[in-house]
Amino acid sequence: MENSTHTIIEFTRELHTCDINDKSITESTVRVIWAYHHEDVGEAGPKYHDSNRGTKSLRLLNPEKTSVLSTAIPYFDLVPIPNKGTTYWCQMFKIPVFQEKHHVIKVEPVIQRGHESLVHHILLYQCSSSFNDSVLDYGHECYHPNMPDAFLTCETVIFAWAIGGEGFSYPPHVGLSLGTPLDPRYVLLEVHYDNPTYKEGLIDNSGLRLFHTTDIRKYDAGVIEAGLWVSLFHTIPPGMPEFRSEGHCTLECLEEALEAEKPSGIHVFAVLLHAHLAGRGIRLRHFRKGEELRLLAYDDDFDFNFQEFQYLKEEQTILPGDNLITECRYNTKDRARMTWGGLSTRNEMCLSYLLYYPRINLTRCASIPDIMEQLQFIGVKEIYRPVTTWPFIIKSPKQYKNLSFMDAMNKFKWAKKEGLSFNKLVLSLPVNVRCSKTDNAEWSIQGMTALPPHVERPYKAEPLVCGTSSSSSPPKNHPLELLVCFMVLCSLWHSTHLWS
């Protein structure tokens, strides 16, 4: 179809052709390349597209859950205005006072035009309700020693957006609850600005827009942050073409929280997978009584600049006694020094954000591996105790004496062989369990040590079958062919030519 502004071309192909020149289409990210000339093809054939070309990361099999909202649906914006260009910027907001319960049914990013590559992610946290409006007077750099104490109460993630993502619509039976005593009165908006070119004088007013209604849905949504606790104890050696890290939402954490709150289980309907620049692939694995179930979510071709919630084709139930593993794959071939877990885009993360219902009092289900056994791998024998500095200091042996543990890890001569041995060690280490409630509270097993489960590593997907849909999480009655519509905005021309 063609009109004055659009050319739409439809085509079909099998998802898995088994042709070595074709890329299988799965639920992972794919990079679509496009090019067109503004004149139709003539007798001499197509003309060179010149600069009318580009690429876009897409998740072609992510089922659409867009909902057309009435223009009468009310909304409110949460928009901070920071005074720095490269930072994590935090600001508290007060949720509008409602006389009755409301459900948020859609959340949209509001990104300042021209800052699309600057705003890396936005997190919305629930804060303690025991404040007054004086906490709203100013924003501040997040995680800074002088950050207001009130910000420290904001640990429960209630929504997450990352670069490349679009608006998120909740399923028809689920909404984010506002207006009841259990719901947030104050929220903290955290915006991560990534400014690798060090542009100066940038003032941004990006944020989130929340659409809400009094037409209450059946269930209240919750968010669980699972994976690796963001910490310097998450270590990735340099020069590695492939290194795997795992974050565990342990059986012990899920058992305690679910038995107390919802023994019949919770239902996951969407997942956001999150890593940084070294990330190449992420899987969220699901186990029950030692048996692996269908992957909750995966992206084998992770794109740092394209992160969005994946809607599950079929909701998956998590029961007491289940455990989850967020498995991340990294490439550090271009790095000469260690990569550490941390907030910067040059640091790394390995996280999964699970959207589920009904809401329970579990906000973080994560882990971090033991650091002392990691240091023993490079020959560290003793550290100075009590620990009075951070990072802590090595006491022996001589070659590491008085070095921080970070400097010691960087001093070690890493090669691929050592990196592979270290990776095998890290995946077998005991982990420290993080199991958190809202309002800074913790479940009783918070801080305990657990052994990672004995599972097949790495995850091995079933072989793809030519001419079929993705086998890693087979949906019912999925068509054997994929239909894609490309819509190219070209208002300057009445006709275009497009190929991909």
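Reply: A residue is called buried when its relative accessible area is under 20%, exposed when it is over 50%, and partly exposed in between. By that rule both Cys 249 and Cys 365 are buried, and these two cysteines form a disulfide with their sulfur atoms 2.0 Å apart. The torsion about their S-S bond is about 95°, so this disulfide is right-handed. The pair links distant parts of the chain, with Cys 249 in strand β17 (residues 243-249) and Cys 365 in strand β26 (residues 364-369), 116 residues apart.

The predicted structure holds 6 disulfides, and another of them joins Cys 90 to Cys 142, with an S to S distance of 1.9 Å. With 110° about the S-S bond, the link of Cys 90 and Cys 142 is right-handed. Because Cys 90 lies in strand β5 and Cys 142 in the loop between β8 (139-141) and β9, this pair ties together parts that are 52 residues apart in sequence. Cys 90 counts as buried at 2% relative accessibility, and Cys 142 counts as buried at 4%.

A further disulfide joins Cys 18 to Cys 466, S to S 1.7 Å, and its torsion of about -100° about the S-S bond makes it left-handed. Cys 18 lies in the loop between β1 (6-14) and β2 (30-37) and Cys 466 in the loop between β30 (449-450) and β31 (481-489), so the pair ties together parts that are 448 residues apart in sequence. At 51% relative accessibility Cys 18 counts as exposed, whereas Cys 466, at 42%, counts as partly exposed.

Key. Residues numbered from 1 in each chain as written. Predicted model: local features only at pLDDT ≥ 70, side-chain atom pairs only at ≥ 80, totals over all residues. Heavy atoms only, no water. Disulfide = S-S within 2.5 Å. Helix = DSSP H or I, 4+ residues; strand = E, 2+ residues; numbered from the N terminus. Buried < 20%, exposed > 50% of the residue type's maximum accessible area, 1.4 Å probe, protein only.
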